Amino acid sequence: MASKSGIVFEDFFPSMVQRLGAEGFMDELCNGFRLLMDEEKGVITLESLKKNSASMLGLKDMSNDELMCMLREGDLDGDGCLNQMEFCVLMFRLSPELMKGSRRWIEEVVMNEL
């Protein structure tokens, strides 16, 4: 699947949900967010994305414009960075299969919380 930035990736998220369960998958998304975030600001910034994605995700050849495009894609409140909720929403939006099954998985997480 290709994002608006033209990056192509294989969608492993549905198989991760099957293997980890909805709650385990959400925990992994949160872990991914923490790996990319600026520890002082608690959000993913252009600088933290450049610094952390190059070593962890192999995106060192991406330009600042491409990285900014990734941030803008998920930036729902217009502050130029991604908080944890925006990051998780973006990950769901990038996975067509997760979008199809998201209601069921959200219900599973809610039921586990009750």
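In what order do the elements of the chain run from the N terminus on? I read them off as α-α-α-α-α. I counted five helices and zero strands in the chain. For these I used DSSP runs numbered from the N terminus, with helices as H or I of at least four residues and strands as E of at least two.

Notes on the source. The model is predicted, so I took local features only at pLDDT of at least 70 and side-chain atom pairs only at pLDDT 80 or more, while totals for chains, interfaces and linings use all residues. Residues are numbered from 1 along each chain as its sequence is written, and side-chain values use heavy atoms, with hydrogens and water left out.

Entry on burial. I called a residue buried under 20% relative accessible area, exposed over 50%, and partly exposed in between (1.4 Å probe, protein chains only). The areas come from the Shrake-Rupley method with a 1.4 Å probe, and for residues only the protein chains shown count as cover. Of the 114 residues in the chain, 37% are buried.

Entry on helix 3. I looked up residues 64-74, which form helix 3, and found Leu-67, Leu-71, Glu-73 and Gly-74 buried. Seen down the helix axis, these buried residues fall within an arc of 160°, so they line one face of helix 3. The arc is taken from the directions from the helix axis to the C-beta atoms. An α-helix has 3.6 residues a turn, so residues three or four places apart point the same way. On the face turned away from the buried side of helix 3, I noted the exposed residues Asp-65 and Arg-72.

I then checked Leu-67 in helix 3. Its relative accessible area is 3%, so Leu-67 is buried. Glu-47 is 20 residues from Leu-67 along the chain, and their C-alpha atoms are separated by 9.5 Å.

Entry on the salt bridge. Which residue forms a salt bridge with Glu-73? The partner is Arg-93, and the closest N and O atoms of the pair are 3.8 Å apart. Glu-73 lies in helix 3 and Arg-93 in helix 4 (residues 84-93), so the pair ties together parts that are 20 residues apart in sequence. My rule asks for a side-chain nitrogen of Lys or Arg within 4 Å of a carboxyl oxygen of Asp or Glu, and the count comes to one salt bridge. Glu-73 counts as buried because its relative accessibility is 18%, whereas Arg-93 is partly exposed at 36%.

I also looked at Glu-86, found in helix 4. Glu-86 is buried, with a relative accessible area of 2%. From C-alpha to C-alpha, Glu-86 and Glu-73 are 9.6 Å apart in space and 13 residues apart in sequence.

Entry on the negative patch. Which residues form the negative surface patch? I listed Glu-23, Asp-27, Glu-28 and Glu-108. Patch residues have over 30% relative accessible area and no salt bridge, and like charges are joined within 9 Å. Asp and Glu count as negative, and the charge is placed at CG of Asp or CD of Glu. Helix 1 (residues 13-36) gives the most to the patch, with three residues. Glu-108 lies in helix 5 (residues 96-113) and is partly exposed at 32%.

Last, I checked Asn-31 in helix 1. Asn-31 counts as partly exposed, with 32% relative accessibility. Asn-31 and Gln-84 are 53 residues apart in sequence, and their C-alpha atoms are 9.8 Å apart.

Definitions and conventions
Patches are made of residues with over 30% relative accessible area and no salt bridge: like charges are joined within 9 Å, nonpolar side chains (Val, Leu, Ile, Met, Phe, Trp, Tyr) within 5 Å.
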